[in-house]
Amino acid sequence: ATIHDQKPHRGAGGELHQFAEDGMPVLTTAQGGPVSDDQNTLRLGARGPALIEDFHFREKIFHFDHERIPERVVHARGYGAHGYFETYESLAAYTRADLFQRPGERTPAFVRFSTVAGSKGSFDLARDVRGFAVKLYTQQGNWDLVGNNIPVFFIQDAIKFPDVVHSVKPEPDRQFPQAQSAHDNFWDFITLTPESMHMIMWVMSDRAIPRSFRFMEGFGVHTFRLVNAADESTFVKFHWKPKLGLQSVAWNEAVKINGADPDFHRRDLWQSIQSGNFPEWELCVQLFDQDFADSFDFDILDPTKIIPEEILPVKPIGRLVLDRMPENFFAETEQVAFMTQNVPPGIDFSNDPLLQGRNFSYLDTQLKRLGGPNFTHLPINAPKCPFHNFQQDGHMAMRNPVGRANYQPNSWNQGPRESPVQGYRHFPAEEQGQKVRLRPESFADHYSQARQFYISQTPPEQRHIAAALTFELSKVETPVIRERMVSHLMNIDETLASKVGHALGFQSMPKPADAATPTRQDLEPSPALSIVER
Ligand code: HEM
């Protein structure tokens, strides 16, 4: 039978299947009504005015008018794929998380890679941090490891997040530059925020222009906890290592690629997965206890620090394979809602002040971005394990309690019930202290790891860092900001500082920056700042 032979018929449930004259299913309105003409509005006479009675036209246009939702306030441009995570060995000694108990067991995954600063329509090869957000649909609820491809962050406290993001996004009056860090606001903020120095070295390095998502590392950044069945805690840092290895492009390549194909990274992921060439990463951990943490002169709660892999090698514990592209970009990649606070029993937080703030921010922003409290009803966000609760109603509620009971305990013998045994138990860390707004002394060293990173680079990579700094700072129009950055570089590596300083035309090198005066208020007003013309 050809498609043309399709006749209207009723299905097993009595539903009416109707076919157009060419055998295709009949186009309907959102209400299911069959449409006779999708090319012409209803008019009074062929050349006359349109009639408001045309419900098909009104519905079609109304729906189109409402297609856009707010883009993510950061990480707006992203690209996702489905896959699975496979556990190598039982980690029961460290965590009671169900996904880490049985070797070979697979957990469904969705991953979204992103750039941070650019808007949804920006180009892929910006010099920027890349998001590496993983949602694992475990049997004990979703675990979101919302990481980046750089293991440290710009700031130590979440209260600074709006500032760092405002500074890197287009300036509010002129609304440029788009998707790049080469501008005064960004470098003003960075140079007034010495804690950003370690991350800025990574961002000026080749790490910030990956060849493709398939060649990127990922990091959970913060110190987390694993907690076992006996409620014993082990600190953990999470790393994703690409099976293909780490590769980047050079800056002049990135500039050309952005011009020729702004979708280069998403096209690469699409083509590799569609052709069966599935990208793969190993999940690795650095595990350590409090004594080990105390042996460092930096703080393991400080998200601007790494634990060097030479000191604590990473241990592979499983692999992530991406093997399926979304059927619909909007439904999946755009509507997926990652949240750091999504953790299953056996995975817990540390007191990293950036992580603690993130745990508030993601739920809050999803509420706005996805239009209400029921975004977990969307298939991409719903758990893939059985789940039961008495949440009800609200905009777009797809699930509501069935039966009489919508509270507990109740006398109707209707569940669900909480379980102290199966349920999530927060690690009972001992805490005490005064309520203060105070950065701990252990967070004070902003240069040692920046230096370590620079020194660990090969000579060509070091040249790229110097070139990137020179290029970026040459776009900064305010002299004192350029000078401030070079004075920070003096604390990181004097050769680097002098290379950049000379390339920027400095006659002599500035004094090394004083890390103890990070905020604008603490600086003498600079005459250069007040006289600059833009
Ligand atoms: C989005 C990573 C710090 C707030 C994202 C995304 C990633 C990410 C990967 C994109 C998620 C996606 O693909 O949908 C990180 C990392 C951080 C960090 C690794 C530091 C280590 C913060 C902080 C805040 C924050 C400190 C706020 C206090 C947000 C918000 C979004 C976001 C509001 C948009 C979420 C959405 O609309 O879906 N972050 N972030 N992030 N992040 Fe962060």
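Q: Where is the place of arginine 72, in terms of the helix and strand on either side?
A: This is a predicted model, in which local features need pLDDT of at least 70 and side-chain atom pairs count only at pLDDT 80 or more, whereas totals for chains, interfaces and linings use all residues. Residues are numbered from 1 along each chain as its sequence is written. Helices (H or I, at least four residues) and strands (E, at least two) are DSSP runs, numbered from the N terminus. On that basis, arginine 72 sits in the loop between H1 and S3.

Q: Is arginine 72 buried or exposed?
A: A residue is buried if 20 or more other C-beta atoms lie within 10 Å of its own, exposed if 12 or fewer, and partly exposed in between, with C-beta atoms placed from the backbone. Because arginine 72 has 21 C-beta neighbours inside 10 Å, arginine 72 counts as buried.

Q: Which residues does UniProt list for "active site"?
A: UniProt positions are given here in the numbering of this model, with shortened feature names, and annotations may be inferred rather than shown by experiment. The unreviewed UniProt entry lists, for "active site", His75 and Asn148. Although these residues are spread over 74 residues of sequence, they cluster in space, with a largest C-alpha distance of 10.4 Å.

Q: Which residues does histidine 75 touch, not counting residues up to four places away in sequence?
A: Histidine 75 lies in the loop between helix H1 (55–65) and strand S3 (78–87), and it is buried because 22 other C-beta atoms lie within 10 Å. Two residues are in contact if their C-beta atoms, placed from the backbone, lie within 7 Å. Leaving out residues up to four places away in sequence, histidine 75 touches Ser114, Val116 and Gly131.

Q: Which residues does asparagine 148 touch, not counting residues up to four places away in sequence?
A: Asparagine 148 belongs to strand S6 (residues 141–148), and asparagine 148 counts as buried because it has 23 C-beta neighbours inside 10 Å. With residues up to four places away in sequence left out, asparagine 148 touches Val129, Arg130, Gly131, Phe132, Phe219 and Val221.

Q: How many other C-beta atoms lie within 10 Å of phenylalanine 161?
A: Phe161 is one of the positions at which the unreviewed UniProt entry places the feature "binding site", and phenylalanine 161 lies in helix H2 (residues 161–168). Not counting residues up to four places away in sequence, phenylalanine 161 touches Ile155 and Gly357. Phenylalanine 161 is partly exposed because the number of other C-beta atoms within 10 Å is 18.

Q: Which residues does methionine 197 touch, not counting residues up to four places away in sequence?
A: Methionine 197 is found in helix H4 (residues 197–203), and it counts as buried because it has 26 C-beta neighbours inside 10 Å. The C-alpha atoms of methionine 197 and isoleucine 155, 42 residues apart along the chain, are separated by 9.5 Å. Apart from residues up to four places away in sequence, methionine 197 touches His446, Tyr447, Ala450, His488 and Ile492.

Q: Which residues in H12 meet Asp184, Trp187, Asp188 and Thr191 in H3?
A: The axes, which are lines fitted to C-alpha atoms over the stretch in contact, with angles from 0 to 180 degrees between N-to-C directions, come within 9 Å for helix H3 (residues 184–191) and helix H12 (residues 479–492) and cross at roughly 40°. That makes H3 oblique to H12, since angles under 35 degrees count as roughly parallel, over 145 as roughly antiparallel, 65 to 115 as roughly perpendicular and the rest as oblique. The H12 residues that meet those of H3 are Ile481, Arg484, Met485 and His488.
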